[in-house]
Amino acid sequence: MNGLTLWNARGDDAFGTSCPVCGGRLVGDAEKGEQVCLNCGCVTFAPADAGPEWKAMDLQEKAKRVRVGSPTTLSLQDMGLTTEIGRSGRDSRGNSIDPTMRATIEKMRKWQSRSRTNSSEERGLAIVLAKITELCQSLSLPDNVAETAAQIYRISAKMKVAKSKSIIGMTAATVYLACRKCGVSRTLKEVARAARMDKGSVARYYRLVLKEVEKEYVPPQSVDKYISKLINMAKINPKVELMALTLSRQTRDSKISSGKAPAGLAAAYVYLSSVLVGEHIPQREVAEFAEVTEVTVRNRCREILDNFVIRQVFEPSR
DNA sequence: ATGGTTTTTACTGCGTC
DNA sequence: GACGCGGTAAAAACCAT
């Protein structure tokens, strides 16, 4: 997907289940939570502010995102054999479904009711997996993250870790862990907000799952990922991204990054780059998008500038 | 629980447009 | 005067032990 990073100039309803340009099918990009159209190749991404106002659209989204004939998936209680099948008789592109397919769907529906969850355990599993899918959607996460989250939850359920734990808590924790494992940059804060939980509780559940299920160390998100994400969310000129990534690479492995919140560091790189490139985004805005304070941005900037000399190579402008 | 580190909060001062 | 920027002290949050 490298080099394909377009940004949504209109900033409106580009994120959906079908391509805003040609109506083609969108597939997720594991890197950034973007979606790419299989038909025309254009890239869309989630609206910058995942504020509460698009809760309303989540339900519609959910209804629209019916998966017909998709491959088996771990994020459904029965691996996807019992898809919730809409009654509209239309597929995800809005085309009507041909009779053969319709028959297949009917068969699936029949089998679905037969194999329906009978034990309470399985019912519980189904509920949580649905929650996971829902949370992933409201965070605009690619499918593979949902799958990973589902897998993590299955394991923790099997290990009885999830026993008598809050459903949203476990959901948020597994989704957050899945993000980290898949290298998708979503902060704990973002996950907590989407799950309507406070950060502290999600962190507690996260630790629990990490300790009991994952056991291995899951490295934090690289600064680069945050930079790309910031650029995408704030619809900043890609030139700035290039600059920020370059700076980030040059200064990697330096002491300045150890123990610091990657989001703050990324914000500092983006800010500095915006100045260097001549696009100049106020600290205030960068900080806001990175969900850190201006103070943090400033502190990171100072450390970067204290430790490195930035020599700008001016191109002859004619 | 604790102590060290980082981030946030709240406030102030400076220069510029 | 409003705005962007830089700084500071103290509180709060975080994290490893």
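Start by selecting α8 and α10: the crossing of these two helices is right-handed (right-handed means that the near helix is turned clockwise from the far one by less than a right angle, left-handed that it is turned anticlockwise). The element names come from DSSP runs, numbered from the N terminus: helices are H or I with at least four residues, strands are E with at least two. Now show side chains on V223, Y226, I227, L230 and I231 of α8, and on P262, A263, L265, A266, A267, Y269 and V270 of α10, which together make the contact. Contact here means heavy atoms within 4.5 Å. How many of these residues are nonpolar, polar and charged? The contact of α8 with α10 has twelve nonpolar, no polar and no charged residues. For those classes, Ala, Val, Leu, Ile, Met, Phe, Trp, Tyr, Cys and Pro count as nonpolar, Asp, Glu, Lys and Arg as charged, and the others, Gly among them, as polar.

A quick word on what you're looking at: this is a predicted model, where local features need pLDDT of at least 70, side-chain atom pairs count only at pLDDT 80 or more, and totals for chains, interfaces and linings use all residues. Residues are numbered from 1 along each chain as its sequence is written, chains are lettered from A and ligands numbered from 1 in the order in which they are written, and side-chain values use heavy atoms, with hydrogens and water left out.

Two packed helices are described by the angle between their axes and the distance between the axes. Helix α8 covers residues 223-234 and α10 covers residues 262-277; their axes come within 8 Å and cross at roughly 60°. That makes α8 oblique to α10. Axes are lines fitted to C-alpha atoms, for helices over the stretch in contact, and angles run from 0 to 180 degrees between N-to-C directions. Under 35 degrees counts as roughly parallel, over 145 as roughly antiparallel, 65 to 115 as roughly perpendicular and the rest as oblique.

Look for A263, A267, V270 and Y271 in α10 meeting Q283, V286 and A290 in α11. By class, that contact has six nonpolar, one polar and no charged residues.

L230, M233 and A234 of α8 make the contact with V286, F289 and A290 of α11. The residues of this contact are six nonpolar, no polar and no charged.

Time to zoom out. Chain A has twelve helices and three strands, and buried residues make up 42% of its 318 residues. Buried means under 20% relative accessible area, exposed over 50%, and partly exposed in between (1.4 Å probe, protein chains only).

Select I132, L135, L141, Y153 and V175 next. Of the 38 residues in the largest nonpolar core, these touch the most other members. A nonpolar core is a set of buried Ala, Val, Leu, Ile, Met, Phe, Trp, Tyr and Cys residues joined through side-chain atoms within 4.5 Å. Which element gives this core its largest share? That is α5, with eight residues. Click on L135: leaving out residues up to four places away in sequence, L135 touches T171, A172, V175, V191, A194 and A195. Apart from this core lies another, of 28 residues, among them Y226, L265, A290 and I304.

Back in α5, pick M170. It is buried, with a relative accessible area of 1%. Beyond its neighbours within four places in sequence, M170 is in contact with Y153, S156, A162, K165, Y205 and V209. M170 and Y153 are 17 residues apart in sequence and 7.7 Å apart in space, C-alpha to C-alpha.

Last stop: two loop residues. S140, between α3 and α4, has a positive phi of about 55° although it is not a glycine. R196, in the loop between α6 and α7, has a positive phi too, near 55°, and is not a glycine. Is each one buried or exposed? S140 is buried, with a relative accessible area of 4%, whereas R196 is exposed, at 63%.
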